[in-house]
Amino acid sequence: MNRKDLIELLKNWQVALLVVLLVASVFFIFPHVEDGKLATNLQYGLDLSDGTWLQMEFQAEVVGFETSRPVSDFLTDLQKSLDAEIYLIDDDKLEIRKYVPENELGQIFTSAGGRLTSYEQGVSKETGDQVKQILEQKLNALGTRDAKVNPLTSLTGTTRYVRVELAGVSLSQAKDIVGKQGKFEIRIHTTGNATEHVLYGDAITTVGIPSQEPPGSDRWGVSFTLSQEGAAQFRDAAIRYGATTDPENHWLDMVLDDAMVYSAPLSADLAAKLQVEPIRQLYASTGSGQAGLTAAKNLEIHLRAGALPVEVSVAGSGSVSAPLGEYFKTMSVIAFVVAAIAVGVVIFYRYREPAIVLPMIGTNLAEIVILLGIAALIQQQLDLLAIAALIAVLGTGIDQLVIITDEVLHEGRVPSPHLYQKRLTRAVGIIMVSAATVVIAMIPLALMDLSTLRGFAIITIIGVLVGVLITRPAYGKIIMAILSK
Amino acid sequence: MGFVTYDVNRYTPRQMVVLPMVLLIVSLAILGYNMASTGMPVKPGMDFSGGTAVTLLNPENPDTLRATFSGYPLIEPIGEKFIKFGPMDDATFESLATLVNEQYPDAKIDQIGPSFGQTLQEQAVLALTISFIGMAMVVFLAFRSFVPAGAVVLSAFADITMTAAVMSVIGIELTLPTTAALLMLIGYSVDSDILLTMRVLKRQGKLNDKLSGAFHTGIIMTTTTLAAIAAMWVVAFAGEITVIRDIASVLLIGLVIDMMNTWLTNAGIIKWYMLKRGAK
């Protein structure tokens with residue numbers, strides 16, 4: 001093919017698009033040398049790098065209920081018999097932050113004068129997001145590189161699991177990090193800026209969710225409870241340093257890991273009460289409106305000092321060492337290269353014509369490069385299953401190029417452009433239908449979050465779409481230009 | 001191609017569908033028996049039943065491994081690089097993880113709790129069902145004709161069923177990777193079926209010519225895919241990368257079965273359908 005033909009071919013939009021995307025993909029993958037080794041922008045999943053995953057299950061449930069009693073009375077009774085934190089998350093839905101089996105819970109509901117209408121282990125999406133936030137703060141504070149926290153929420157909106165992925169961390173380290181709590185302390189101002197210790201986080205027994213005080217006032221804050229001992233310490237300190245008589249000059253600071261997270265004076269009301277007796281139920285107000293609510297949410301997390309609001313148990317875990325990840329990566333590359341060669345040999349055996357075989361294999365590889373480019377662009381992680389998907393895309397891709405080639409080569413070699421277009425359209429029709437079935441078959445996996453299968457499905461779907469929309473139509477044009485010689 | 005001597009036009013539709021239908025019934029019987037005796041059509045692997053898997057970087061003598069891990073619920077057979085354990089409590093797992101870390105610091109450990117496995121299993125079954133229904137809908141929409149579309153869906157169903165039966169006979173467990181492979185098979189299997197149906201229904205010409213033309217193209221398609229998957233299998237087998245090896249095994253079995261179902265089941269039905277409508 002001479003230069004003029006090549007330029008002619010590039011004027012074809014499908015071919016031009018293929019070339020543009022190919023260049024863009026190489027740019028996104030960005031192969032470069034780093035520390036004497038080849039590096040790219042591709043993201044690798046845990047089994048191809050080193051790191052740990054932990055999947056944790058919430059020991060809590062979201063339940064539907066019915067009762068003919070006033071809801072608040074019903075909830076009070078429930079609270080008593082369950083001895084757990086209970087939150088109304090919808091008119092007829094509760095989040096119970098303690099694991100109770102369904103039949104047991106049903107009985108408790110019945111004896112409290114209500115009925116259990118639905119039961120799902122997990123927490124509400126809001127609580128799930130809060131857990132994500134807490135874990136992320138913790139991981140950031142520790143400077144852990146490349147940490148991912150994903151709550152897995154079902155279609156009904158209940159979050160049963162939260163998955164944490166940490167690069168470059170071993171399993172036991174990961175468990176330590178996730179379970180680790182910060183050092184929380186309350187200090188009181190004595191004279192000027194000097195402060196004295198009042199109590200540590202272990203004196204806080206429960207922490208509430210952001211609430212309005214008084215209700216409906218849009219003034220936000222968080223309530224929390226001190227232990228008997230903690231309440232006594234709190235009262236002693238307040239009296240000793242004069243906070244009960246002169247609250248304005250003796251503010252209280254809350255300190256988490258040596259950083260101040262909240263500071264306010266005692267309210268006049270509380271100061272008076274403390275003079276008389278220890279108070280266990282405290283309330284820290286954070287201001288009004290949206291800003292107050294946000295501050296309250298943050299304070300709640302700080303009060304918990306990195307402890308999760310809901311107990312979790314490890315449902316699954318795994319870790320890969322750096323050498324093994326490296327080994328898997330090398331083997332993946334070998335598998336891919338061997339597969340590409342095998343495909344080339346079979347195609348050559350069938351067509352025995354470099355003019356057909358080379359564009360075919362070239363198109364096929366272009367498809368993979370574009371697929372990898374998109375993966376790098378959307379930061380899709382590549383793991384072993386994704387590599388399998390990649391090789392499968394290579395296999396189906398070549399299949400469909402065979403369909404196109406055979407369809408247009410049918411009876412005689414050089415069909416007229418009109419006939420050629422007709423046949424190409426028919427071939428693309430076949431390809432479209434089979435691509436649609438593959439995409440449909442993979443969609444449930446892409447949406448469902450079946451751990452690593454998601455990446456597999458996403459790579460397959462992108463691969464099929466790239467093939468059908470970009471590379472295969474372009475191949476049709478290229479092969480026509482070649483065959484009309 | 002030289003090594004394919006099957007002539008798609010030699011047999012009557014009835015002769016063509018007999019073999020696959022017998023095999024389908026046998027497969028359903030195997031899966032039904034498994035279902036009745038264990039509650040699952042194919043033996044669920046660690047991903048679904050819970051357990052722990054350890055992958056080593058360097059091969060180790062199985063006897064040494066047996067001795068090292070004698071205090072834990074080892075599952076036989078054990079490989080030189082890949083060992084599995086049954087479900088255990090958290091404390092036992094912690095001590096196992098510590099032991100593995102001491103002895104084989106470069107190992108990979110994966111652990112799935114039974115309840116998590118149960119969730120995964122339910123979701124996997126749901127995914128397979130939705131995928132299959134979705135595939136059937138696309139096929140019916142594409143052909144808008146009951147018999148040809150039904151033939152494609154039936155061959156896809158036969159592919160999955162027979163592959164699952166072979167898996168259970170030769171002892172490949174149902175895991176997340178093999179579920180992915182079965183799902184992929186749904187996509188793969190309709191590939192050549194659609195080619196066949198499109199060629200026969202939409203092209204002009206004699207039925208026999210169209211059938212042999214479709215067969216010719218279809219066989220190259222499947223052999224190229226087989227070549228890619230076989231290469232993947234060889235490398236994964238040699239390197240003991242169980243995830244890819246299992247996927248490749250299931251796809252290999254599935255593709256061979258798919259050849260039979262496409263060129264006997266589907267071709268038989270479409271031939272009968274065309275002959276009945278007076279095609280020559």
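## Strands, helices and a buried serine

Strand 12 (residues 184-189) of chain A and strand 17 of chain A run antiparallel and are joined by five bridges. Here two strands count as paired if DSSP finds at least two bridges between them, and helices (H or I, at least four residues) and strands (E, at least two) are DSSP runs numbered from the N terminus. This is a predicted model, in which local features need pLDDT of at least 70 and side-chain atom pairs count only at pLDDT 80 or more, while totals for chains, interfaces and linings use all residues. Residues are numbered from 1 along each chain as its sequence is written, chains are lettered from A and ligands numbered from 1 in the order in which they are written, and side-chain values use heavy atoms, with hydrogens and water left out.

**Around strand 17**

Let us stay with this strand for a moment.

Strand 17 (residues 252-256) is mostly covered, with five of its five residues buried; buried means under 20% relative accessible area, exposed over 50%, and partly exposed in between (1.4 Å probe, protein chains only). In a regular strand, side chains alternate between the two faces of the sheet. On one side of strand 17 of chain A sit A:Leu252, A:Met254 and A:Leu256, and on the other A:Asp253 and A:Val255, all of them buried.

Elsewhere in chain A, four strands form an open antiparallel sheet in the order 6-7-5-8. Strand 6 (86-90) and strand 8 (114-121) are its edge strands, each pairing on one side only. Neighbouring strands are turned by 30° against each other on average, direction ignored. Strand 5 (residues 61-67) and strand 7 (residues 93-96) of chain A share four antiparallel bridges, and A:Val63 has A:Leu94 of strand 7 as its bridge partner.

Axes are lines fitted to C-alpha atoms, for helices over the stretch in contact, and angles run from 0 to 180 degrees between N-to-C directions; contact means heavy atoms within 4.5 Å.

| Helix of chain A | Lies across | Angle |
|---|---|---|
| Helix 3 (residues 71-82) | strands 5, 6, 7 and 8 of chain A | about 140° to strand 6 of chain A |
| Helix 4 (residues 102-111) | strands 5, 7 and 8 of chain A | about 155° to strand 8 of chain A |

**A:Ser332**

A:Ser332 belongs to helix 10 (residues 322-351) of chain A. This serine counts as buried because its relative accessibility is 4%. Neighbours within four places in sequence aside, A:Ser332 is in contact with A:Leu48, A:Leu384 and A:Ile387.

**Chain A overall, and a helix of chain B**

Chain A has 14 helices and 21 strands. Its C-alpha atoms fill a box of roughly 105 × 60 × 40 Å along the principal axes. Of its 485 residues, 52% are buried. Among contacts in chain A with a separation of 6 or more, 71% come from residues 24 or more positions apart.

In chain B, helix 5 (residues 114-143) has 30 residues and should span 44 Å at 1.5 Å a residue, which agrees with the 43 Å between its end C-alpha atoms; the expected span is 1.5 Å times one less than the number of residues. B:Arg144 follows this helix and has a positive phi near 45°.
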